Amino acid sequence: MIFKKLRYINLDAYNAQDMFIDTYKFDFNARFICNYLSKEVRKLNIAGDGTYKMISVRINNNLSDCRLTYGSDNPDVLSVLLPVSEQEQRWYNNTTDIIERYEFYLGLLEKGYILASDFKTIPVNSLLQLHDKFRENNYKNEWVWKKKLIRDYGIYIIFKCYFTTFDFRLEMEVYDTKQNVLLTKGIVLQTGPDELFFDKEFRKIDVFDSKLIITDFLNKKNFEFDLHQLSEGVFNVKKRVDEIVYFPAINHIELIERITW
(Lines give C-alpha, C1' and ligand atoms only; values in the text may rest on other atoms or scores of the structure.)
Protein backbone atom coordinates (compact mmCIF):
# COMPACT_ATOMS: atom_id res chain seq x y z
CA MET A 1 0.00 0.00 0.00
CA ILE A 2 1.19 3.50 -0.89
CA PHE A 3 1.19 5.70 2.22
CA LYS A 4 -0.97 8.76 1.58
CA LYS A 5 -0.79 12.19 3.19
CA LEU A 6 -3.76 14.43 3.84
CA ARG A 7 -4.20 17.02 1.08
CA TYR A 8 -7.87 17.96 0.93
CA ILE A 9 -10.66 19.00 3.31
CA ASN A 10 -14.19 19.16 1.97
CA LEU A 11 -17.63 20.11 3.29
CA ASP A 12 -20.80 19.87 1.24
CA ALA A 13 -24.39 18.66 1.14
CA TYR A 14 -23.93 16.49 -1.92
CA ASN A 15 -26.84 14.15 -2.59
CA ALA A 16 -28.66 15.31 0.56
CA GLN A 17 -32.41 14.94 0.35
CA ASP A 18 -35.26 16.98 1.85
CA MET A 19 -33.08 19.44 3.74
CA PHE A 20 -34.34 22.85 4.80
CA ILE A 21 -30.98 24.29 3.80
CA ASP A 22 -30.55 25.38 0.19
CA THR A 23 -27.80 22.87 -0.56
CA TYR A 24 -26.78 24.66 -3.77
CA LYS A 25 -26.00 27.85 -1.84
CA PHE A 26 -24.51 25.92 1.07
CA ASP A 27 -21.92 24.14 -1.07
CA PHE A 28 -20.72 27.33 -2.74
CA ASN A 29 -20.80 29.41 0.46
CA ALA A 30 -18.62 26.90 2.33
CA ARG A 31 -16.14 26.33 -0.49
CA PHE A 32 -13.68 29.11 0.37
CA ILE A 33 -13.08 27.59 3.81
CA CYS A 34 -12.39 24.16 2.31
CA ASN A 35 -9.94 25.72 -0.11
CA TYR A 36 -8.12 27.51 2.72
CA LEU A 37 -7.92 24.39 4.88
CA SER A 38 -6.78 22.21 1.98
CA LYS A 39 -3.91 24.55 1.14
CA GLU A 40 -2.88 24.84 4.78
CA VAL A 41 -3.05 21.12 5.56
CA ARG A 42 -0.62 20.35 2.73
CA LYS A 43 1.95 22.60 4.39
CA LEU A 44 1.78 20.45 7.54
CA ASN A 45 2.80 17.29 5.67
CA ILE A 46 0.62 15.14 7.92
CA ALA A 47 -1.40 11.96 7.52
CA GLY A 48 -3.91 9.80 9.33
CA ASP A 49 -3.29 6.10 8.87
CA GLY A 50 -2.04 6.61 5.32
CA THR A 51 -5.15 5.29 3.57
CA TYR A 52 -6.75 8.58 2.49
CA LYS A 53 -5.87 11.94 0.94
CA MET A 54 -9.14 13.71 1.61
CA ILE A 55 -11.59 14.07 4.46
CA SER A 56 -14.98 14.88 2.98
CA VAL A 57 -17.80 15.77 5.39
CA ARG A 58 -21.23 15.57 3.78
CA ILE A 59 -24.25 16.75 5.72
CA ASN A 60 -27.70 15.23 5.52
CA ASN A 61 -30.87 14.84 7.55
CA ASN A 62 -30.27 11.64 9.48
CA LEU A 63 -27.45 9.42 8.20
CA SER A 64 -24.27 8.90 10.17
CA ASP A 65 -21.50 6.92 8.53
CA CYS A 66 -17.80 6.91 7.66
CA ARG A 67 -16.13 4.95 4.90
CA LEU A 68 -13.27 4.98 2.42
CA THR A 69 -14.30 5.56 -1.18
CA TYR A 70 -12.24 5.01 -4.30
CA GLY A 71 -12.55 5.86 -7.96
CA SER A 72 -11.49 8.41 -10.55
CA ASP A 73 -13.83 11.08 -9.19
CA ASN A 74 -13.09 10.53 -5.49
CA PRO A 75 -9.66 8.96 -5.07
CA ASP A 76 -8.78 7.84 -1.57
CA VAL A 77 -11.48 9.83 0.21
CA LEU A 78 -12.51 9.33 3.81
CA SER A 79 -16.18 10.13 3.35
CA VAL A 80 -18.12 11.17 6.46
CA LEU A 81 -21.90 11.38 6.47
CA LEU A 82 -22.90 13.85 9.17
CA PRO A 83 -26.51 14.30 10.31
CA VAL A 84 -27.72 17.87 10.87
CA SER A 85 -30.92 18.34 12.86
CA GLU A 86 -33.92 20.27 11.60
CA GLN A 87 -33.35 22.80 14.37
CA GLU A 88 -29.74 23.39 13.24
CA GLN A 89 -30.84 23.76 9.64
CA ARG A 90 -33.51 26.30 10.48
CA TRP A 91 -31.06 28.23 12.65
CA TYR A 92 -28.61 28.36 9.77
CA ASN A 93 -31.27 29.63 7.39
CA ASN A 94 -32.36 32.37 9.79
CA THR A 95 -28.99 33.70 10.91
CA THR A 96 -27.82 36.87 9.17
CA ASP A 97 -24.49 37.05 10.99
CA ILE A 98 -21.80 36.04 8.52
CA ILE A 99 -19.32 35.03 11.24
CA GLU A 100 -21.92 32.73 12.78
CA ARG A 101 -22.26 31.05 9.41
CA TYR A 102 -18.50 30.62 9.15
CA GLU A 103 -18.48 29.08 12.61
CA PHE A 104 -21.31 26.78 11.58
CA TYR A 105 -19.18 25.44 8.70
CA LEU A 106 -16.17 25.00 10.95
CA GLY A 107 -18.32 23.31 13.60
CA LEU A 108 -19.66 20.81 11.06
CA LEU A 109 -16.14 19.95 9.98
CA GLU A 110 -15.07 19.51 13.59
CA LYS A 111 -17.99 17.16 14.25
CA GLY A 112 -17.03 15.27 11.11
CA TYR A 113 -13.43 14.85 12.28
CA ILE A 114 -14.59 13.50 15.62
CA LEU A 115 -17.08 11.14 14.00
CA ALA A 116 -14.41 9.89 11.60
CA SER A 117 -11.96 9.35 14.45
CA ASP A 118 -14.16 6.47 15.65
CA PHE A 119 -13.37 4.68 12.38
CA LYS A 120 -9.92 5.90 11.37
CA THR A 121 -6.84 7.61 12.72
CA ILE A 122 -7.47 11.34 12.22
CA PRO A 123 -5.00 14.18 13.01
CA VAL A 124 -7.78 16.01 14.85
CA ASN A 125 -5.59 18.35 16.91
CA SER A 126 -3.67 19.53 13.86
CA LEU A 127 -6.89 20.15 11.96
CA LEU A 128 -8.42 22.09 14.83
CA GLN A 129 -5.29 24.24 14.95
CA LEU A 130 -5.87 25.10 11.30
CA HIS A 131 -9.40 26.15 12.17
CA ASP A 132 -8.01 28.46 14.85
CA LYS A 133 -5.51 29.86 12.35
CA PHE A 134 -8.38 30.62 9.99
CA ARG A 135 -10.21 32.42 12.78
CA GLU A 136 -7.10 34.40 13.71
CA ASN A 137 -6.87 35.41 10.05
CA ASN A 138 -10.35 36.96 10.37
CA TYR A 139 -11.94 34.17 8.32
CA LYS A 140 -10.17 35.34 5.16
CA ASN A 141 -8.80 33.32 2.27
CA GLU A 142 -6.63 35.85 0.47
CA TRP A 143 -3.19 35.65 -1.11
CA VAL A 144 -0.79 37.44 -3.43
CA TRP A 145 -0.55 35.68 -6.77
CA LYS A 146 2.19 37.63 -8.57
CA LYS A 147 4.33 40.76 -8.21
CA LYS A 148 6.02 42.48 -11.13
CA LEU A 149 8.33 45.47 -11.29
CA ILE A 150 8.27 47.10 -14.75
CA ARG A 151 10.95 49.76 -14.68
CA ASP A 152 10.45 50.94 -18.25
CA TYR A 153 7.00 52.21 -17.25
CA GLY A 154 7.82 53.18 -13.67
CA ILE A 155 5.28 50.85 -12.12
CA TYR A 156 5.09 47.95 -9.67
CA ILE A 157 2.16 45.60 -10.15
CA ILE A 158 0.64 43.28 -7.56
CA PHE A 159 -2.03 40.67 -8.34
CA LYS A 160 -4.09 39.62 -5.33
CA CYS A 161 -6.65 36.82 -4.95
CA TYR A 162 -9.76 37.12 -2.80
CA PHE A 163 -11.71 33.89 -2.29
CA THR A 164 -14.86 34.65 -0.29
CA THR A 165 -18.10 32.94 0.65
CA PHE A 166 -19.80 34.63 -2.33
CA ASP A 167 -17.18 34.94 -5.06
CA PHE A 168 -13.58 34.75 -6.23
CA ARG A 169 -11.73 37.83 -7.49
CA LEU A 170 -8.32 38.37 -9.05
CA GLU A 171 -7.49 42.04 -8.53
CA MET A 172 -4.67 44.19 -9.83
CA GLU A 173 -2.99 47.01 -7.90
CA VAL A 174 -0.57 49.34 -9.68
CA TYR A 175 1.96 51.38 -7.68
CA ASP A 176 4.94 53.58 -8.41
CA THR A 177 8.26 51.71 -8.32
CA LYS A 178 8.78 52.46 -4.62
CA GLN A 179 5.25 51.21 -3.83
CA ASN A 180 4.41 54.47 -2.05
CA VAL A 181 1.61 55.63 -4.35
CA LEU A 182 -1.31 53.54 -5.57
CA LEU A 183 -1.85 54.63 -9.17
CA THR A 184 -4.85 52.47 -10.01
CA LYS A 185 -6.55 49.19 -9.20
CA GLY A 186 -9.32 47.01 -10.55
CA ILE A 187 -10.88 43.56 -10.88
CA VAL A 188 -9.28 41.37 -13.54
CA LEU A 189 -11.46 38.30 -13.04
CA GLN A 190 -14.54 37.54 -10.96
CA THR A 191 -16.18 34.11 -10.75
CA GLY A 192 -18.37 32.06 -8.48
CA PRO A 193 -16.66 30.68 -5.37
CA ASP A 194 -15.16 27.44 -6.62
CA GLU A 195 -11.61 26.61 -7.74
CA LEU A 196 -12.98 24.87 -10.82
CA PHE A 197 -14.02 28.26 -12.17
CA PHE A 198 -10.71 30.09 -11.86
CA ASP A 199 -7.83 27.71 -11.18
CA LYS A 200 -6.80 27.29 -14.83
CA GLU A 201 -7.46 30.87 -15.88
CA PHE A 202 -4.17 32.47 -14.81
CA ARG A 203 -0.76 30.82 -14.60
CA LYS A 204 1.95 33.18 -15.91
CA ILE A 205 2.55 36.85 -16.67
CA ASP A 206 4.71 38.23 -19.48
CA VAL A 207 5.60 41.66 -20.84
CA PHE A 208 5.50 41.99 -24.62
CA ASP A 209 6.00 45.35 -26.32
CA SER A 210 3.73 47.73 -24.39
CA LYS A 211 1.46 45.00 -23.05
CA LEU A 212 1.29 42.91 -19.89
CA ILE A 213 -0.12 39.48 -20.67
CA ILE A 214 -1.65 36.85 -18.37
CA THR A 215 -1.69 33.35 -19.85
CA ASP A 216 -3.73 30.34 -18.78
CA PHE A 217 -2.56 26.82 -18.01
CA LEU A 218 -2.32 26.06 -21.73
CA ASN A 219 -0.13 29.14 -22.16
CA LYS A 220 -2.86 30.92 -24.13
CA LYS A 221 -3.36 34.65 -23.69
CA ASN A 222 -6.27 35.25 -21.34
CA PHE A 223 -5.91 38.89 -20.20
CA GLU A 224 -4.05 41.85 -21.70
CA PHE A 225 -3.21 45.22 -20.13
CA ASP A 226 -1.92 48.40 -21.77
CA LEU A 227 1.14 49.44 -19.76
CA HIS A 228 1.01 53.07 -20.96
CA GLN A 229 -2.48 53.47 -19.50
CA LEU A 230 -1.56 51.70 -16.28
CA SER A 231 1.43 54.01 -15.79
CA GLU A 232 -0.95 56.96 -16.18
CA GLY A 233 -3.27 55.58 -13.52
CA VAL A 234 -5.91 54.19 -15.87
CA PHE A 235 -7.01 50.66 -15.11
CA ASN A 236 -7.67 48.60 -18.22
CA VAL A 237 -8.00 44.95 -19.12
CA LYS A 238 -8.79 43.20 -22.37
CA LYS A 239 -10.23 39.73 -21.87
CA ARG A 240 -10.64 36.81 -24.19
CA VAL A 241 -13.95 36.85 -26.00
CA ASP A 242 -15.30 33.86 -24.07
CA GLU A 243 -13.78 35.32 -20.85
CA ILE A 244 -14.20 32.26 -18.61
CA VAL A 245 -12.79 29.75 -21.01
CA TYR A 246 -13.40 26.49 -19.21
CA PHE A 247 -16.97 27.19 -18.04
CA PRO A 248 -18.35 29.40 -20.83
CA ALA A 249 -21.97 28.41 -20.19
CA ILE A 250 -21.99 29.75 -16.63
CA ASN A 251 -23.14 33.30 -15.96
CA HIS A 252 -21.00 34.07 -12.93
CA ILE A 253 -22.77 37.32 -12.08
CA GLU A 254 -26.08 35.46 -11.85
CA LEU A 255 -24.45 32.69 -9.82
CA ILE A 256 -22.97 35.19 -7.34
CA GLU A 257 -26.32 36.94 -7.01
CA ARG A 258 -28.10 33.64 -6.41
CA ILE A 259 -25.81 32.53 -3.58
CA THR A 260 -25.47 35.93 -1.91
CA TRP A 261 -27.80 36.40 1.03
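**Rings in this model**

Okay, let's start with a charge on a ring: the charged end of R258 sits over the ring of Y24, 3.7 Å from its centre. "Over" here is for NZ of Lys or CZ of Arg within 6 Å of the ring centre and within 35 degrees of the ring normal. R101 also lies over a ring face, that of W261, at 4.0 Å from the ring centre.

Quick note: this is a predicted model, where local features need pLDDT of at least 70, side-chain atom pairs count only at pLDDT 80 or more, and totals for chains, interfaces and linings use all residues. Residues are numbered from 1 along each chain as its sequence is written, and side-chain values use heavy atoms, with hydrogens and water left out.

Now, ring on ring. Rings of Phe, Tyr and Trp (its six-membered ring) pair if their centres lie within 6.5 Å; planes under 30 degrees apart are stacked, over 60 edge-to-face, the rest tilted. That gives 22 aromatic pairs. One of them is W143 with F168, tilted, at 6.2 Å centre to centre and 35° between the planes. W143 is in strand 5 (residues 141-150) and F168 in strand 7 (residues 168-176), so this pair ties together parts 25 residues apart in sequence. Strands are DSSP runs of E, at least two residues, and helices runs of H or I, at least four, numbered from the N terminus.

So, is F168 buried or exposed? Buried, at 0% relative accessibility, while W143 is partly exposed at 26%. The cut-offs: buried is under 20% relative accessible area, exposed over 50%, partly exposed in between (1.4 Å probe, protein chains only).

F168 also pairs with F202: centres 6.0 Å apart, planes at 10°, so stacked.
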